[in-house]
Amino acid sequence: MRFSIVLLIIASVALNIDARTNDNRDIVIENDQMRFVIGEDGIAKSLLYKPTNEECLSQQLNMPVFSVTQERPFHNEIKLAYPTNKITFNAKSVKKEGNELIVDFELIFYKARIKLDITPNYINFTVKDFFIEGNDYGIGVNKGILPPVYEMNFIQLPVRDREHFGEWLNVSWDNKIAINVLATNIHARINSEKREGYRIMKAAVERDIQLLEVGAALIVCKTGDLLNNIARVEEDFNLPKGVESRRHKLYNASYYAASDITPDNVDEHIKYAKMGGFRSMKIPYSAIVESGPSWSKKGDYDWRKSIYPNEREDLENLLKKIKGKGISPGLHFLHSHIGRDSRYVTPIPDHRLNLLKYFTLAKPLGTSDTEIFVEQNPVSTTLADGMRVLKIGTELVSYESYTTSWPYKFIGCTRGVDKTTINSLPVGTIFGLLDVSEFGTQRSVYIDQRTSLQDEIAEKLENIYNAGFEFCYFDGSEGVNPPFWFNVPYAQWRVYKRFDPTPIYAEGAAKSHFSWHMLSGGNAFDVFRPDVLKEEIKRWPAQQARRMKADFSRVNFGWLGYFVPNEKSIGTQPDMIEFVTSVAAAWDCPVSLNSNLEGFKKHARTADNLEVYRRWEEVRSIDWLTEKQKTMLQDMEQEHHLLLNEQNQFELVPYEQISGVAGGSKEIRAFIFQRKGEYYVVYWHISGNKKLQLQLKPSDITLYKRLDEEEPVNDSNGNILIPLNDRRYIRTNKLTKEEILAVLSNAKIID
């Protein structure tokens with residue numbers, strides 16, 4: 001009897017679930033991988049992963065899949081009934097007609113038509129139309145005018161939390177299932193909101209970007225199939241091939257940044273790049289075209305005729321030489337910046353430069369006036385040095401301050417800055433606050449992305465990139481006007497789409513959802529000084545690498561500087577490089593080296609430093625690390641050394657720094673590790689060529705520069721003398737760790 005009751009209860013629960021998710025009035029949208037159920041009232045009822053019958057939504061929330069937001073109530077009766085404020089109207093009913101959903105909303109009179117494309121890999125939703133059946137209620141919708149939609153959520157789902165959430169890709173996943181809401185064109189705004197136990201994953205349209213013919217795909221699949229499904233979306237909607245890029249053999253390759261490369265020194269750069277095992281080389285556009293101080297001529301892209309007299313032909317030959325050595329060249333540029341010494345700014349500022357605020361002249365402006373009277377209150381207008389610049393007619397004007405009570409005026413004005421053309425203007429002239437870059441010395445300004453200027457700059461970059469480059473870096477990507485979610489990838493895409501061949505991969509200083517398809521490499525972190533390098537790596541790139549892993553992407557651990565030791569700094573040392581590149585490899589990420597030809601020559605440990613890069617680049621290229629080793633390397637409190645053993649094969653060993661060598665001398669760096677029951681010490685002098693005296697007998701240790709080749713140990717009156725210059729290894733099976741540390745503490749450095 002008890003067994004029968006249990007069966008009855010189970011059957012009852014099953015019937016209730018079936019009734020809740022399979023009401024005849026529900027809308028069921030499904031492919032082989034998922035079943036999405038929308039109630040007739042527009043509520044998201046179920047999102048089922050069919051192979052395991054697992055529910056992906058946090059249910060009982062009564063969350064509408066669709067909603068429309070207006071900046072204020074628009075229809076007359078609604079305006080009279082509700083306060084003037086931004087207001088959201090949820091879907092109140094949804095019906096399916098063929099391959100379209102017709103959505104009706106609370107209170108407002110227009111409806112939305114959303115087209116469905118159901119494929120084995122995804123289900124795509126496209127906003128096709130807003131319409132009114134019958135009377136247009138004075139809104140004019142039926143006359144081809146869009147209704148007062150400020151924004152609309154056309155996908156809105158309360159997705160249960162899983163182990164990982166990638167904010168960039170907008171994907172929730174664990175080792176079994178992935179749920180992804182993915183834009184299928186650049187105009188869809190994709191985001192999420194974190195809640196207790198779930199995230200609201202959204203796709204939306206915005207009035208000022210584009211309301212119609214905007215789409216997003218819903219993907220629910222086995223996690224191992226996610227990239228395959230995204231690749232199908234990219235193929236079907238002609239998107240940049242972000243998946244293909246992430247699967248390229250150079251995806252996690254580190255690069256050598258040749259900032260001052262020329263046809264005359266290219267062989268020298270190639271030599272050092274090969275010493276470091278680099279398979280890629282990044283070249284800034286400033287090495288090719290005139291850039292001016294602080295990049296102040298950005299936008300002109302005039303060839304450096306003294307270096308490239310034959311312009312593109314000479315560049316093509318340089319790139320062929322680099323590629324002939326098995327190195328892939330990439331181009332670095334600031335695509336959204338215009339230099340203040342460029343022809344776009346002086347002598348007459350271009351009308352397509354971005355303006356942050358607009359003002360109206362309240363009095364005529366004369367050519368010698370140092371006060372500018374305006375109708376609008378300038379309150380909150382920037383007072384930052386270098387950024388107090390107004391664009392007025394044919395000139396730029398700087399100001400010291402302004403008044404915030406009537407009469408409003410800018411005061412302490414300097415006319416015709418940046419050698420622009422001073423003009424006089426009548427009352428009523430509209431002008432603006434110039435959008436000056438906040439970085440560096442404020443010698444560049446930003447493009448108005450609503451204009452043709454970005455395309456004009458893209459055409460100039462195309463001419464350079466198509467000379468033979470294979471990857472690129474979108475620096476300064478944050479330098480666009482709002483809305484940033486759209487204009488960051490839009491500016492990148494307007495450049496990216498012109499490049500031939502399509503970049504193997506790209507990196508950039510800023511990213512938004514659509515950028516995932518282009519910036520397969522994410523960003524690169526800037527240079528950190530040697531004395532803080534390890535801590536900054538822990539603080540920034542390592543944390544970002546974890547986040548990027550959730551987005552099925554990687555980060556570049558940094559444009560690593562190359563510092564020569566001096567009286568204030570020990571400079572760049574092998575253990576520093578090893579720490580950075582080993583932690584990067586733990587997350588399948590690369591690093592990059594900022595070249596320094598003079599530094600390479602002056603630094604006594606350049607060969608050792610570059611050997612560290614070379615070993616780790618080989619590890620990346622042959623995919624040598626196991627998942628267990630990667631997990632081990634993610635523990636940043638334990639440093640590791642990539643050893644070449646007696647058979648010239650890689651071994652990964654944990655090691656620790658020995659402090660207090662030779663009485664705490666900063667001249668020497670030493671690390672101890674244990675291997676095969678014996679202790680080893682790897683040591684070197686930071687910059688010189690000296691000797692190290694140890695209170696040992698020659699038979700106590702074995703000395704190596706390479707573990708397959710012993711070096712002699714010299715006896716010196718009961719002590720031993722060993723070289724103190726390049727990186728070497730001491731091996732001993734006769735001393736304990738404590739004895740080794742004591743011997744090294746009492747060691748003496750001999751000139």
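Before the first helix pair, one definition: a helix axis here is a line fitted to the C-alpha atoms over the stretch in contact, and the angle between two axes runs from 0 to 180 degrees between N-to-C directions. This is a predicted model, so please keep that in mind throughout.

With that, take helix α11, residues 574–586, and helix α13, residues 606–622. They pack at an angle of about 15 degrees, and their axes are 9 Å apart. Angles under 35 degrees count as roughly parallel, and α11 and α13 are therefore roughly parallel to each other. Their crossing is right-handed. On the α11 side the contact is made by Pro574, Ile577, Glu578, Thr581, Ser582, Ala584 and Ala585. On the α13 side the residues are Asp608, Asn609, Val612, Tyr613, Trp616 and Arg620. Sorted by class, that contact has seven nonpolar, three polar and three charged residues.

The second pair is α5, residues 266–275, with α6, residues 312–324. Here the packing angle is about 25 degrees, with the axes 11 Å apart. That angle is again under the 35-degree limit, so α5 and α6 are roughly parallel to each other. The crossing of α5 and α6 is right-handed. Val266, Asp267 and Ile270 of α5 make the contact with Leu318, Lys321 and Ile322 of α6. Four of these residues are nonpolar, none is polar and two are charged.

Now the chain as a whole. It has 15 helices and 43 strands. Along the principal axes, the C-alpha atoms fill a box of roughly 105 × 100 × 50 Å. There are 751 residues in the chain, and 58% of them are buried. Of the contacts with a separation of 6 or more, 67% are between residues 24 or more positions apart.

Back to helices, with α10, residues 541–550. Which residues of α10 are buried? They are Pro541, Ala542, Gln544, Ala545, Met548 and Ala550. The elements covering these buried residues include β11 at 164–166, β12 at 171–173, α9 at 533–539, and α11. Just after α10, Phe552 takes a positive phi of about 55 degrees.

Arg189 lies in strand β14, residues 189–195. Is Arg189 buried or exposed? Its relative accessible area is 12%, and the cut-off for buried is under 20%, so Arg189 is buried. What does the side chain of Arg189 make a polar contact with? The partner is the side chain of Glu151, at 2.9 Å. Leaving out residues up to four places away in sequence, Arg189 touches Glu151, Asn153, Lys202, Ala203, Ala204, Glu206 and Trp485.

The other residue is Glu507, in strand β30, residues 506–508. Glu507 has a relative accessibility of 1%, and therefore counts as buried. Its side chain makes a polar contact with the side chain of Tyr255, at 2.8 Å. Beyond its neighbours within four places in sequence, Glu507 is in contact with Tyr255, Cys472, Tyr473, Phe474, Leu519, Gly521, Gly522, Ala524, Arg554 and Asn556. For a spacing to Glu617: Glu507 and Glu617 are 110 residues apart in sequence, and 19 Å apart in space, C-alpha to C-alpha.

Last, backbone geometry in the loops. A cis peptide bond joins Thr346 and Pro347, with omega at about 10 degrees. Pro347 sits in the loop between β20, 337–339, and β21, 355–360. Another cis bond runs from Trp406 to Pro407, with omega near 0 degrees. Pro407 is in the loop between β25, 401–402, and β26, 409–411.

Trp295 has phi near 60 degrees, and its place is the loop between β18, 280–284, and α6. At 30% relative accessibility, Trp295 counts as partly exposed. Lys419 has phi near 55 degrees, and is found in the loop between β26 and β27, 430–434. The limit for exposed is over 50%, and Lys419, at 74% relative accessibility, therefore counts as exposed.

How values were computed:
Residues are numbered from 1 along each chain as its sequence is written. This is a predicted model: local features need pLDDT of at least 70, side-chain atom pairs count only at pLDDT 80 or more; totals for chains, interfaces and linings use all residues. Side-chain values use heavy atoms; hydrogens and water are left out. Helices (H or I, at least four residues) and strands (E, at least two) are DSSP runs, numbered from the N terminus. Angles under 35 degrees count as roughly parallel, over 145 as roughly antiparallel, 65 to 115 as roughly perpendicular and the rest as oblique. A crossing is left-handed if the near helix is turned anticlockwise from the far one by less than a right angle, and right-handed if clockwise. Contact means heavy atoms within 4.5 Å. Ala, Val, Leu, Ile, Met, Phe, Trp, Tyr, Cys and Pro count as nonpolar, Asp, Glu, Lys and Arg as charged, and the others, Gly among them, as polar. Buried means under 20% relative accessible area, exposed over 50%, partly exposed in between (1.4 Å probe, protein chains only). A polar contact is a pair of N or O atoms within 3.5 Å; within protein, one must be able to donate a hydrogen and the other to accept it, and residues adjacent in sequence count only if both atoms are side-chain atoms.
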